[in-house]
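Please look over the sequence and the model below before reading on.

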Amino acid sequence: MLPPKLFSHDSEKLLETLSDLLCNKTIPKDYMSDQGLREAYRSYYHEQSFHKALSLFEEMCLFPSVINFLKKQDSIHIADLATGTGGFAQGILHGLASESFSSISLTLQDRSQSALAVAELEIKNLYPIPHLMTSTYNGILPDSFPPLSGLQILSWGNMLNEWDLTAGSTKKLLGYIDRALGKGGILLIAEPADRISSRKLHQFSNDLLDTLPGFEILAPCPNNRRGKCPALFDESDWCHEDRPHRFSQELLHAAKRLGHIKDSLKMSYLICQKKDFPESGLPEKKITKSDEAWKMISDMIHERGLSKSTFCNGNEWMTYRLLKRYKFSGNDSFFRLKKGQTVQIKLSGKPEKKGDAFNIPEGTAVLPFSPS
Ligand SMILES: C[S@@+](CC[C@H](N)C(=O)[O-])C[C@H]1O[C@@H](n2cnc3c(N)ncnc32)[C@H](O)[C@@H]1O
């Protein structure tokens, strides 16, 4: 419980306080029930969560298995856990609103009853989608989940970063995901981009693959990663997105006051699908070296005579360098790649080791990758 009148009701001060508490991971558990902090959250973080969810929704629709699944549905049932003021749920709804479903049911869940009231109102006001039904579930996870099954989409934004994840709580959450999602259903998660939160999500993805063999990772990991996340191999590593984005002027002003740089959607994320696999789990996918996809996970560094960046194939990280003198029409896209893009690197020979990096051999093609 928050002590009453702990925070001044000056909105800028409140936002500073909230930002410090969230960044330092010292947030009181029921902060969303404090009107001032909730309004501060609504004024600054809500817009960010909305765009993160919309961006992930658009990414998931690039996967044929997702689009085919959604096309087969007449009605859609979504549950958004730890919904707060509902920004993440709104982003998903915004994506779905252009599709023609006969009905959309949305269940919002949070430990804070007052946050749920705000979220439900926001969504009803903003989305007069015909046939949209909303309901709320007030409970504390992972002990009290909304009793749902057959969901098409289960989502959350910025939830695990507020938890002390233990083996027990992970098991309960994974059990719920499996019970709540129907076959073909999609799990959509965004967490903050900092090292601690991202690594928590990477560990959660390892646990998910170990526990729920029928689930497939669609993104961000290339080649439908089945093994351990390589970002966890070294204590100091993590993997996160920086998707260029233009926020509202209001948000940019607030970010400036707080000293935040808001030129992109910064997040770690996970998109999984519950596939219709046999009990024995996912069939082994044969990926030949030349078919494998590489996701660029750091910025491109341009040096004299070469450009280099680090890539992940879902198994390992590799820093590849391409010498400018090897440039030809089949690989010049390499020099323009941006963090987060996925490519196929069709090696023409064995890359030569140079310090911690590898030189891409002459004649290697670098091609855009699209999910199949
Ligand atoms: C950072 S906010 C995220 C809100 C929204 N999902 C978003 O991305 O904007 C985290 C939310 O999780 C809720 N929450 C945290 N731990 C929870 C738990 N154990 N059970 C239920 N809700 C929880 C908080 O009340 C808060 O509303």
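**A loop residue at the ligand**

Ala-82 sits in the loop between strand 1 (75–81) and helix 4. Helices here are DSSP runs of H or I with at least four residues, strands are runs of E with at least two, and both are numbered from the N terminus. This is a predicted model, in which local features need pLDDT of at least 70 and side-chain atom pairs count only at pLDDT 80 or more, while totals for chains, interfaces and linings use all residues. Residues are numbered from 1 along each chain as its sequence is written.

Ala-82 is not a glycine, yet its phi is positive, about 50 degrees. Most residues other than glycine have a negative phi. Is Ala-82 buried or exposed? Ala-82 is buried, because 21 other C-beta atoms lie within 10 Å. The cut-offs are 20 or more other C-beta atoms within 10 Å for buried and 12 or fewer for exposed, with partly exposed in between; C-beta atoms are placed from the backbone.

Ala-82 is also among the closest residues to the ligand, together with Ser-49, Gly-84, Arg-111 and Gly-157. In total, 19 residues surround the ligand, where a residue is near a molecule if its C-beta atom, placed from the backbone, lies within 6 Å of it. Helix 2 (35–60) and helix 4 (87–96) each supply at least two residues of this shell, and helix 2 gives the most, with 3 residues. By class, the shell has 8 nonpolar, 8 polar and 3 charged residues. Ala, Val, Leu, Ile, Met, Phe, Trp, Tyr, Cys and Pro count as nonpolar, Asp, Glu, Lys and Arg as charged, and the others, Gly among them, as polar.

**The protein as a whole**

The secondary structure of the protein comes to 8 helices and 16 strands. The C-alpha atoms fill a box of roughly 65 × 50 × 40 Å along the principal axes. For 372 residues, a compact globule would have a radius of gyration near 21 Å, and the protein's 22 Å agrees with this. The radius is taken over C-alpha atoms, and the globule rule is 2.2 Å times the number of residues to the power 0.38. Buried residues make up 38% of the 372. Among contacts between residues at least 6 apart in sequence, 75% join residues at least 24 apart; a contact requires C-beta atoms, placed from the backbone, within 7 Å.

The mean pLDDT, the predictor's confidence in each residue from 0 to 100, is 92 for the protein, and 93% of its residues reach 70 or more. Over residues 1–8 pLDDT stays under 50, and the model has 10 contacts beyond four places in sequence for these residues.

Helix 7 (residues 195–211) has 17 residues, so at 1.5 Å a residue it should span 24 Å; its end C-alpha atoms are 24 Å apart, which agrees. The expected span is 1.5 Å times one less than the number of residues. Among the buried residues of helix 7 are Lys-200, Leu-201, His-202, Phe-204 and Leu-208. What covers the buried residues of helix 7 includes helix 6 (167–180), strand 5 (181–191), strand 6 (215–219) and strand 8 (264–274).

Helix 8 (residues 249–258) lies largely in the open, because 1 of its 10 residues is buried. After helix 8 comes Gly-259, with a positive phi near 75 degrees.

**Loops and backbone exceptions**

The loop between strand 3 (132–138) and strand 4 (151–157) contains Gly-150. With 11 other C-beta atoms within 10 Å, Gly-150 is exposed. Leaving aside neighbours within four places in sequence, Gly-150 is in contact with His-77 and Gly-182. Pro-142 lies in the loop between strand 3 and strand 4 too, and the peptide bond from Leu-141 to Pro-142 is cis, with omega near 5 degrees.

Most peptide bonds are trans. Another cis bond joins Ala-219 to Pro-220, also with omega near 5 degrees. Pro-220 is in the loop between strand 6 and strand 7 (241–244). That loop also holds Asn-224, a residue other than glycine whose phi is positive, near 45 degrees. Asn-224 is partly exposed, because 18 other C-beta atoms lie within 10 Å.

Technical notes: Two residues are in contact if their C-beta atoms, placed from the backbone, lie within 7 Å.
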